[in-house]
Amino acid sequence: YAVFLRDVASYSAAEEHFQKSFSLYAQTMEGWIAKGYSAVDSSTESYSIKEDYAKLLRCMDRSKEAAEVEAQIKNLKDQEERDQAKK
């Protein structure tokens with residue numbers, strides 16, 4: 001829904017929904033990790049949320065924040081590649 005709100009230029013509401021998405025995602029990951037799964041098991045979902053959020057930030061002319069989120073995505077992907085190489 002946050003992406004829809006972004007696409008119809010309801011940026012403030014979209015940002016609220018993205019923040020809720022991040023919170024729900026973190027809670028979900030905590031639950032999975034508690035059950036013995038790795039956070040890396042669903043990292044693609046994390047990238048997707050963050051990539052969509054970075055697009056919102058750019059729409060809101062908040063390029064510096066968008067660049068920071070994109071750097072987080074790159075770091076996550078790089079870490080995942082390192083983890084996969086160890087296996």
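Biologist: What should I know about the model before we start?

Modeller: It's predicted, so local features need pLDDT of at least 70 and side-chain atom pairs count only at pLDDT 80 or more, while totals for chains, interfaces and linings use all residues. Residues are numbered from 1 along each chain as its sequence is written, and side-chain values use heavy atoms, leaving out hydrogens and water.

Biologist: OK, the largest nonpolar core: which residues touch the most other members?

Modeller: Phe 18, Tyr 53, Leu 56, Leu 57 and Val 69, out of 15 residues. A core here is a set of buried Ala, Val, Leu, Ile, Met, Phe, Trp, Tyr and Cys residues joined through side-chain atoms within 4.5 Å. Buried means under 20% relative accessible area, exposed over 50%, and partly exposed in between (1.4 Å probe, protein chains only).

Biologist: And which elements give two or more residues to this core?

Modeller: Helix 1, helix 2, helix 3 and helix 4. The largest share, six residues, comes from helix 3. Helices are DSSP runs (H or I, at least four residues), numbered from the N terminus.

Biologist: Which residues of helix 4 are buried?

Modeller: Ala 66, Val 69 and Ile 73.

Biologist: Switching to rings. How many aromatic pairs are there?

Modeller: Three. Rings of Phe, Tyr and Trp (its six-membered ring) pair if their centres lie within 6.5 Å; planes under 30 degrees apart are stacked, over 60 edge-to-face, and the rest tilted. Phe 18 and Tyr 53 have ring centres 5.5 Å apart and planes at 55°, so that pair is tilted. Phe 18 is in helix 2 and Tyr 53 in helix 3, 35 residues apart.

Biologist: Why is the pair of Phe 22 and Tyr 53 called edge-to-face?

Modeller: Because their planes are at 85°, with the centres 5.2 Å apart. Ring pairs join Phe 18, Phe 22 and Tyr 53 into a cluster.

Biologist: Are Phe 22 and Tyr 53 buried or partly exposed?

Modeller: Phe 22 is partly exposed at 23% relative accessible area, whereas Tyr 53 is buried at 8%.

Biologist: Now the loops. What about phi of Ala 9?

Modeller: It's positive, near 65°, in a residue other than glycine. Ala 9 sits in the loop between helix 1 (2-7) and helix 2 (11-34).

Biologist: And where is Asp 61?

Modeller: In the loop between helix 3 (43-59) and helix 4 (63-86). Asp 61 also has a positive phi, about 60°, though it isn't a glycine, and at 69% relative accessibility Asp 61 counts as exposed.
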